[in-house]
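Visitor: I have a structure open and would like to go through it piece by piece. Can we start once it is on screen?

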Amino acid sequence: MNFPELETSRLMLTKLSTNDSHALLNIFSEEDVVKFYDIDVYDSEDQSLKLIEFFNTRFSEAVGIRWAIRIKGTGKLIGTCGFNSWNQKMKNAGIGYELSSKYWGYGYATEALHKIIDAAFSNQLPFGELHRVQGDTMLGNTASESVLRKLGFKEEGVRRASGYWKNEFHDLKCYGLLKPEFKEIWQEQTVII
């Protein structure tokens with residue numbers, strides 16, 4: 001199964017490799033980046049190597065896919081995005097993403113996510129048809145909520161104490177996007193950054 005590489009006007013979405021371990025460490029060592037994540041700040045390249053292996057294994061097992069988000073022209077890794085889970089039987093997937101804080105506020109997350117969601121809903125990915133994408137955010141993660149809303153996700157409610165990390169329970173706000181909704185919203189539009 002070949003890894004699907006994608007491209008936008010400003011970005012390349014490619015497979016992560018071990019050569020990305022140092023850049024990934026720089027991203028996940030930022031307190032602001034992992035504030036709403038179920039991980040602590042990274043402090044070793046070994047952690048980023050294990051994350052790369054985890055992401056690539058999920059793809060080879062056809063249960064998830066994660067792309068490196070790179071600046072077109074330079075290839076600089078600025079984050080990752082993808083489907084953390086992909087349920088072929090239920091035709092749904094859970095989305096995840098992060099960017100280095102140096103690249104926040106420029107529309108890169110929206111641009112990258114639009115591309116992968118469009119590819120998924122257009123059956124361009126190797127895991128089969130997809131009808132629903134879900135995104136979960138911790139309460140207070142307003143930047144992530146804004147990205148999801150720009151893409152057409154609808155808030156569906158709060159799942160109380162649905163997550164447990166960093167020694168505490170977290171309420172998670174659930175957002176959902178259905179294929180017909182996405183197609184209707186974006187049929188005659190382009191991504192506005």
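Visitor: How do α1 and α3 cross, and at roughly what angle?

Guide: This is a predicted model. In it, the axes of helix α1 (residues 21-28) and helix α3 (residues 45-60) come within 8 Å, and they cross at roughly 105°. An angle from 65 to 115 degrees counts as roughly perpendicular, so α1 is roughly perpendicular to α3.

Visitor: Which residues make the contact?

Guide: On the α1 side they are S21, H22, L24, L25 and F28. α3 contributes E45, S48, L49, L51 and I52.

Visitor: And how do those divide into nonpolar, polar and charged?

Guide: The contact of α1 with α3 has 6 nonpolar residues, 3 polar and 1 charged.

Visitor: Switching to cores. How many residues are in the largest nonpolar core, and which have the most contacts inside it?

Guide: The largest nonpolar core has 40 residues. W67, F83, I95, I116 and I117 have the most contacts inside that core.

Visitor: Which elements give two or more residues to this core?

Guide: The strands are β2 (11-14), β3 (65-71), β4 (77-87), β5 (92-99) and β8 (168-178), and the helices are α4, α5 (142-150) and α6 (179-186). Of these, α4 gives the most, with 9 residues.

Visitor: What is I116 in contact with, leaving aside its neighbours within four places in sequence?

Guide: I116 is in contact with L6, L13, W67, C81, G82, F83, I95 and L125.

Visitor: What about another core, apart from that one?

Guide: There is another core, of 13 residues, and L25, L51, I52 and A68 are among them. L25, L51 and I52 also belong to the contact of α1 with α3.

Visitor: Now the backbone. Which residue other than glycine has a positive phi near 50°?

Guide: That is A161. A161 is in strand β7 (residues 154-165) and is partly exposed, with a relative accessible area of 42%. N123, which is not a glycine, also has a positive phi, of about 60°.

Visitor: Where is N123?

Guide: N123 is in the loop between α4 (108-121) and β6 (132-138). At 41% relative accessibility, N123 counts as partly exposed.

Visitor: Last topic, S162. Where does S162 lie, and what is in contact with it?

Guide: S162 lies in strand β7 and, leaving aside its neighbours within four places in sequence, is in contact with H170 and L172. At 35% relative accessibility, S162 counts as partly exposed. S162 and M138 are 24 residues apart in sequence and 9.8 Å apart in space, C-alpha to C-alpha.

Visitor: And S146, buried or partly exposed?

Guide: S146, in helix α5, is partly exposed, with a relative accessible area of 26%. The C-alpha atoms of S146 and T110 are separated by 9.3 Å, with the two residues 36 apart along the chain.

Note on methods: Residues numbered from 1 in each chain as written. Predicted model: local features only at pLDDT ≥ 70, side-chain atom pairs only at ≥ 80, totals over all residues. Heavy atoms only, no water. Axes fitted to C-alpha atoms, helices over the stretch in contact; angles between N-to-C directions. Helix = DSSP H or I, 4+ residues; strand = E, 2+ residues; numbered from the N terminus. Parallel < 35°, antiparallel > 145°, perpendicular 65-115°, else oblique. Contact = heavy atoms within 4.5 Å. Nonpolar A, V, L, I, M, F, W, Y, C, P; charged D, E, K, R; others polar. Buried < 20%, exposed > 50% of the residue type's maximum accessible area, 1.4 Å probe, protein only. Core = buried A, V, L, I, M, F, W, Y, C linked by side-chain atoms within 4.5 Å.
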